[in-house]
Amino acid sequence: MALSGLPAAEYLPRVVDGQLTRLLRTAPAVVVEGARASGKTWTGRRFAASEVRFDELEATRLHLELEPGSFLEGPTPRLLDEWHLAGGLWNAMRHACDDRALNGQFILAGSVKPTYALTDHSGAGRVARLRMRPMSLFESGDSTGAISLEGLLNGELCAADAAALSKEGAVQEAGAARAAELVCRGGLPRMIRLDPLDARGRMLDYLRDVAQIDLATNQPATHDPAKMLALITSLARNETTSTSAKTLIADTANAGGPADRDTVSRYVNRLVEAFVLEPLPAWSTHLRSKATLRTRSKRYFVDPSMAAAALRATPPGLLADTKTFGLLFESLAMRDLRVYAQSFGAEVRYYQDSANHEVDAIITRGHRDWAAAEIKLGGPVLIEKGIKALRWLRANVDTDLAGEPRRLMVITASGRAFETKDGIAIVPINHLAP
């Protein structure tokens, strides 16, 4: 396929590249969805032979209203960037897919989940969807990639040190200090070369834009930007939790936040629709105990730098506040696990029951095919705490119904990769890859 856009030397390969290749081969159109500035346009251009951008809508609005199908003409795959801003394009695109009866015709890149009109068709049978998140540590060059997540689930030994040391240009082993920098810097492509404090300033601007602009229209937001910013800050303080609307209201009361459940729900939904928040669903399984499973989704920012910026966090500040650091590191690890798991058709959930037993991540590839991970900063005490939680889960899940876990692992910020005598893998995030 033709390549355009950034020169090859400037484009950092993404995990979704392989997924996009397969989807263009098997579907007429692919919708690439994700947070603004996560790299959708750059990646789309790597696969597109032509493109049209709809964020320059004023110059094309009249033409679009009169003849939306004209924007579909051009060498294929054709990139339709920020397509959700183009009214009428969706139906024209799906008709073109039917008329051409060919795969790999269109790449639609969008930063918000559009609200379809009742007359719009779902696109079933024509459109594949691909979620694109900010860059994982493997993609940004901050992980050696010596340990494959899919390989671990397939039974490979967890050992990385020899491979990492022999790898040319291996990432620097800098422990907790480096992990704190990576949390604050985040994974948006335009920010990965910035100093963490400079990246924080850019991310604060990003969050202000999210609060002030309706991403579905590029017009000023219909909601109250001050209330939205207060809610974003509260969500950052409650990162990795399923905090109730009541708690969020109380937490933002002195900052002028939303004052009722309906407003909180509406604002949270807008952040989800803009791919700023990504809920983590609970895992439904079978237990040997009489405990009941929690079902409410947890909330994570799609990138840890968003929560860090909202909290005005700095690397030294995180090192002095290990509780907040631990929560934001969990957010970073969750981002990477989701990126890697998606590459081989898996999804990530969490486990929690009524007795408050909890495991951070359940990676499932389908019926009776699952693995579990605890996320800890590191050190003997925290690693042992994670191992204990995983052993409890293994002993209490009804494996006759759910199947034996493919792998149990503790994800750490850095350190040595090894396995316990009973097969629990200790996996430094800076060695992990798909």
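Reader: Where is threonine 364 found?

Author: Threonine 364 is found in strand 12, which covers residues 358–366. Helices (H or I, at least four residues) and strands (E, at least two) are DSSP runs, numbered from the N terminus. This is a predicted model, in which local features need pLDDT of at least 70 and side-chain atom pairs count only at pLDDT 80 or more, while totals for chains, interfaces and linings use all residues. Residues are numbered from 1 along each chain as its sequence is written, and side-chain values use heavy atoms, with hydrogens and water left out.

Reader: Is threonine 364 buried or exposed?

Author: Threonine 364 is buried, its relative accessible area being 12%. Buried means under 20% relative accessible area, exposed over 50%, and partly exposed in between (1.4 Å probe, protein chains only).

Reader: What does threonine 364 touch, leaving out residues up to four places away in sequence?

Author: Threonine 364 touches Ala346, Glu347, Asp369 and Trp370, where contact means heavy atoms within 4.5 Å. The side chain of threonine 364 also reaches the backbone oxygen of aspartate 369 at 3.4 Å. That is a polar contact, defined as a pair of N or O atoms within 3.5 Å; within protein, one must be able to donate a hydrogen and the other to accept it, and residues adjacent in sequence count only if both atoms are side-chain atoms.

Reader: How do strand 12 and strand 13 pair?

Author: Strand 12 and strand 13 pair in the antiparallel sense over five bridges; two strands pair if DSSP finds at least two bridges between them. Isoleucine 362 has alanine 372 in strand 13 as its bridge partner. The two strands form a hairpin with two residues between them, and arginine 368 in the turn has a positive phi of about 60°.

Reader: And which way does strand 14 run relative to strand 13?

Author: Strand 13 and strand 14 (residues 408–412) run parallel and are joined by four bridges. Glutamate 374 has valine 410 in strand 14 as its bridge partner.

Reader: How many residues of strand 13 are buried?

Author: Seven of the seven residues of strand 13 (residues 369–375) are buried. Asp369, Ala371, Ala373 and Ile375 point one way, whereas Trp370, Ala372 and Glu374 point the other way. In a regular strand the side chains alternate between the two faces of the sheet.

Reader: On to the core. Which residues of the largest nonpolar core touch the most other members?

Author: They are Leu149, Phe301, Met409, Ile411, Val427 and Leu432, in a core of 81 residues. Helix 15 gives the largest share of this core, 10 residues. A nonpolar core is a set of buried Ala, Val, Leu, Ile, Met, Phe, Trp, Tyr and Cys residues joined through side-chain atoms within 4.5 Å. Another core, of 19 residues, lies apart from this one and includes Ala29, Phe71, Leu85 and Ala96.

Reader: What is phenylalanine 301 in contact with, neighbours within four places aside?

Author: Among the residues in contact with phenylalanine 301 are Ile232, Leu235, Val276, Leu277, Met306 and Ser331.

Reader: Now the charges. How many salt bridges are there?

Author: The count comes to 26 salt bridges, a salt bridge being a side-chain nitrogen of Lys or Arg within 4 Å of a carboxyl oxygen of Asp or Glu. In one of them, arginine 335 meets aspartate 303 at 2.8 Å, N to O. This pair links distant parts of the chain, 32 residues apart: arginine 335 lies in helix 15 (residues 322–343), and aspartate 303 in the loop between strand 10 (298–301) and helix 13 (304–310). Arginine 335 is buried at 3% relative accessibility, and aspartate 303 is buried at 0%.

Reader: What about glutamate 181 and arginine 178?

Author: Glutamate 181 and arginine 178 form a salt bridge, with the closest N and O atoms 3.0 Å apart. The two are separated by about one helical turn because they are three residues apart in helix 8 (residues 175–185). Glutamate 181 is partly exposed at 30%, and arginine 178 is partly exposed at 27%.

Reader: Which residues are linked in a network of salt bridges?

Author: Arg131, Arg133, Glu278 and Arg338 are linked in such a network.

Reader: Lastly, how many disulfides does the count come to?

Author: The count comes to zero disulfides, a disulfide being a pair of cysteine sulfur atoms within 2.5 Å. Cysteine 97 is buried at 3% relative accessibility, and cysteine 184 is buried at 4%.
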